[in-house]
Amino acid sequence: KSDNLIGLFIIGRKYKDESFKSYDFDFLNTLGTLAALAINNAQLYEMATIDGITKLLVHRHLQYMLDLEILRVSRYKGKLSLMMLDIDDFKKINDNYGHPAGDYVLRTIGKIIKNTIRGTDIGARYGGEEFAVIFPETDEEAGYLVSERMRKIIQNTEMIFEDKKFNITVSAGIAEFITDTKFQKK
């Protein structure tokens with residue numbers, strides 16, 4: 001049991017101005033408990049699947065989604081591409097401007113990725129300063145165009161952190177899953 005407030009019930013008058021009975025309060029108490037559990041479970045799920053800095057998926061959930069997409073594309077003979085992106089010389093950012101500046105850069109790139117990809121694409125922080133995007137129903141050429149557009153946006157974005165201005169570059173690669181590739185799920 002927790003004493004933390006995570007929600008609030010606002011209850012109006014009962015139908016036909018009847019007074020509330022003890023079983024009404026029992027029902028509302030049970031309903032509140034179940035709602036609190038559902039909210040808590042949703043918060044835990046988000047913490048387990050979403051990176052706290054970039055608000056993109058975490059590596060582990062990306063792997064799960066990639067497995068699902070590979071199974072789907074293998075069955076229906078569709079297209080699938082994967083982009084990997086790495087911040088160039090990220091250690092220098094942390095060394096020269098501090099780790100909060102590094103976090104700012106990660107957040108900014110996370111926003112750029114979210115704003116550049118489609119709603120059906122799957123963006124993730126792969127680890128450290130590495131990112132990945134799954135492009136369902138996208139061949140290598142189309143995935144390259146998106147990754148190149150993203151690379152240019154990042155390169156042209158002036159980073160401003162605590163009155164310090166700097167630009168960063170990224171390196172990216174794209175690969176297409178060929179549907180006649182033999183894939184076995186472990």
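User: Which cut-offs define buried and exposed residues here, and how is the model to be read?

Analyst: Buried means under 20% relative accessible area, exposed means over 50%, and partly exposed lies in between, with a 1.4 Å probe and protein chains only. This is a predicted model, in which local features need pLDDT of at least 70 and side-chain atom pairs count only at pLDDT 80 or more, whereas totals for chains, interfaces and linings use all residues. Residues are numbered from 1 along each chain as its sequence is written, and side-chain values use heavy atoms, leaving out hydrogens and water. The cut-offs asked for are thus under 20% for buried and over 50% for exposed.

User: Is Thr 108 buried or exposed?

Analyst: Thr 108 lies in helix 4, residues 99-116, where helices are DSSP runs of H or I with at least four residues, numbered from the N terminus. Because its relative accessibility is 15%, Thr 108 counts as buried.

User: Which residues does Thr 108 touch, not counting those up to four places away in sequence?

Analyst: Contact means heavy atoms within 4.5 Å. With residues up to four places away in sequence not counted, Thr 108 touches Thr 157 and Met 159.

User: What pattern does the chain follow along the sequence?

Analyst: The secondary structure comes to 5 helices and 6 strands, a strand being a DSSP run of E with at least two residues. Read along the sequence, the pattern is α-α-β-α-α-β-β-α-β-β-β.

User: What percentage of the 186 residues in the chain is buried?

Analyst: The C-alpha trace of the chain spans about 65 × 50 × 30 Å along its principal axes. Of the 186 residues in the chain, the buried ones make up 32%.
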